[in-house]
Amino acid sequence: MFVLYETPAGYAIFKLLDDNKFKEIDNLYLEFETPEKANKIVKLKHFEKFADTTEALSAATAAVEGKLSKPLKKALKRLVVDDVQNELLVADAKLGNAIKDKMSLQCVANTSVQELMRCIRTQSESLLSGLPKKEMTAMSLGLAHSLSRYKLKFSPDKIDTMIVQAQCLLDDLDKELNNYMMRVREWYGWHFPELGKILTDNVAYVKTIKLVGMRENMADTDLSDILMEEVEQKVKEAAEISMGTEISEEDISNIQSLCDEIISITEYRTHLADYLKARMMAMAPNLTVLVGEQVGARLIAHSGSLVNLAKHPASTLQILGAEKALFRALKAKKDTPKYGLIFHAGMVGSASIKNKGRISRSLAAKASLATRVDAFGDDVTMQLGIDHRAKLETRLRMLEEGNNKRLSGVKAKAKLQKFHAVSEVKTFKVATDSTLPSTSSKKLKAEDEAANAPSPKKKKIEEVEPEMGEPSTEKKKKKKKKNKDESAAEESMMDDSVAAAEEETPTSTKKNKKSKAKKAAAEQDDE
């Protein structure tokens with residue numbers, strides 16, 4: 001049974017002399033208390049030394065990834081030739097599987113092997129004869145540094161300090177250019193004030209002054225390389241009727257020197273902007289796709305580094321650059337700002353005023369994710385940023401059109417139904433209490449309908465009854481017909497009684513007349 005022991009100087013292969021000691025792992029450390037005891041347990045059979053640090057780094061990286069390196073393969077070939085039936089104790093299970101596949105050698109990796117490796121490490125100086133302690137320390141330090149660089153995958157394109165400095169220099173150049181242009185326009189404006197109103201582009205204005213000089217030379221100078229034909233014609237016409245003052249040649253030479261400085265600074269600024277864009281695409285491609293290289297560089301410069309920016313949550317990234325306004329609002333207990341440096345992103349600028357806050361919040365969330373991928377991801381591409389930008393553009397389009405869809409996982413609000421209260425108070429019908437037959441049934445029905453009619457403020461919502469309710473309507477119609485027949489019979493009875501009364505009245509008058517005539521005849525007979 002053999003033991004594969006890895007060192008910064010090379011691979012050591014020990015032969016286990018007593019297999020029974022390997023089974024008793026609880027007290028195995030007692031057998032390695034002294035070098036003499038350790039030499040009775042294991043014995044060095046072969047040591048494969050690394051040629052240089054590069055070979056050591058390649059072997060270490062191969063062992064980390066679970067692969068078989070060339071020095072290890074070379075050392076194991078001799079072991080396979082000499083002892084075919086023996087087992088190999090390996091600390092790493094992945095490395096043991098690789099050796100088993102390539103060399104057809106039985107490998108063992110378990111807790112007992114780990115304990116044996118610890119014991120060998122305690123007496124490595126005595127077991128590995130011929131390697132001084134200083135040399136071993138130097139080789140271990142060099143291998144540790146090399147392996148750390150390899151794990152970090154160090155690249156000069158990932159240095160965010162260059163981006164911070166370039167963005168700060170770009171801002172300083174913009175300020176200087178604005179100051180210089182303001183000075184040139186004011187200085188040359190005394191001589192040719194009309195030129196500033198015609199030419200609004202700073203570069204064209206400076207190049208025209210550099211080429212022409214005095215305004216008297218404007219008519220004889222060809223400006224087709226700088227200006228369009230229409231603009232050139234306007235400039236020449238304005239030069240003929242200009243109201244400016246006369247200046248000397250020395251003044252013009254100083255103005256032209258300042259124009260040379262402005263042109264050179266402008267060219268350098270363009271070169272610096274291209275350099276910044278290339279750096280941002282190499283270092284933070286997803287953040288650059290989302291917010292642009294200028295805004296992304298300002299965010300990195302404001303936070304200090306890309307890693308610091310990745311540690312910020314989306315809410316902090318949204319208001320980064322508006323700290324004064326934030327604390328002022330918190331102190332005054334007013335509304336906090338909705339955006340900081342992210343306001344200058346193209347997507348926020350294209351949104352309407354009412355949607356700027358919403359889109360800036362969404363953009364900050366996506367930019368926070370993109371920054372973390374750029375800072376901590378391996379083999380970073382800009383695909384994540386492209387996908388997020390497409391989603392944000394779709395959301396912005398929905399917000400602008402007003403089609404604000406319900407988010408997933410949020411329950412829709414129930415529609416409110418309007419219910420109108422109907423009064424259930426019943427009024428006493430006075431007409432029904434009367435026993436006189438003078439009131440007709442039609443008047444009673446009219447009074448009933450007026451009593452049951454709802455008030456104008458509380459209207460009852462009538463619903464259409466289903467087809468099952470048709471029999472009930474037929475019953476109501478039959479009842480109405482019966483009521484009408486009864487009312488008609490009552491009216492006929494009342495009419496008969498009235499007619500009988502009218503017939504009785506003339507007969508009574510005739511009887512009275514006869515009685516009076518008899519009385520008068522009797523009186524005459526008495527006389």
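Good morning. I begin with Leu-170, which is found in helix 9 (residues 161-189). Helices here are DSSP runs of H or I with at least four residues, strands are runs of E with at least two, and both are numbered from the N terminus. The model is a predicted one, in which local features need pLDDT of at least 70 and side-chain atom pairs count only at pLDDT 80 or more, while totals for chains, interfaces and linings use all residues. Residues are numbered from 1 along each chain as its sequence is written, and side-chain values use heavy atoms, with hydrogens and water left out.

Is Leu-170 buried or exposed? Leu-170 is buried, because its relative accessible area is 0%. Buried means under 20% relative accessible area, exposed means over 50%, and partly exposed lies in between (1.4 Å probe, protein chains only). The C-alpha atoms of Leu-170 and Leu-276 are separated by 9.2 Å, although these residues are 106 apart along the chain.

Two strands are said to pair if DSSP finds at least two bridges between them. In general, strands of a sheet pair through backbone hydrogen bonds, either parallel or antiparallel.

Which strands does strand 2 pair with in the antiparallel sense? Strand 1 (residues 2-6) runs antiparallel to strand 2 and is joined to it by five bridges. Phe-2 stands opposite Lys-15, and the bridge partner of Glu-6 is Tyr-11. A hairpin of three residues connects strand 1 to strand 2. Strand 2 also pairs with strand 3 (residues 42-49), antiparallel and over seven bridges; here Ile-13 stands opposite His-46. Because six of its seven residues are buried, strand 2 (residues 10-16) is largely enclosed by the rest of the structure.

Lys-70, Lys-73, Lys-77 and Lys-102 form a positive surface patch. Patches are made of residues with over 30% relative accessible area and no salt bridge, with like charges joined within 9 Å and nonpolar side chains (Val, Leu, Ile, Met, Phe, Trp, Tyr) within 5 Å. A salt bridge is a side-chain nitrogen of Lys or Arg within 4 Å of a carboxyl oxygen of Asp or Glu. Helix 4 (residues 70-82) gives the most to this positive patch, with three residues. Lys-70 is found in helix 4, and Lys-70 counts as exposed because its relative accessibility is 74%. Thank you.

Technical notes:
Accessible areas come from the Shrake-Rupley method with a 1.4 Å probe; for residues, only the protein chains shown count as cover. Lys and Arg count as positive and Asp and Glu as negative; His and the chain ends are not counted. The place of a charge is taken as NZ of Lys, CZ of Arg, CG of Asp or CD of Glu.
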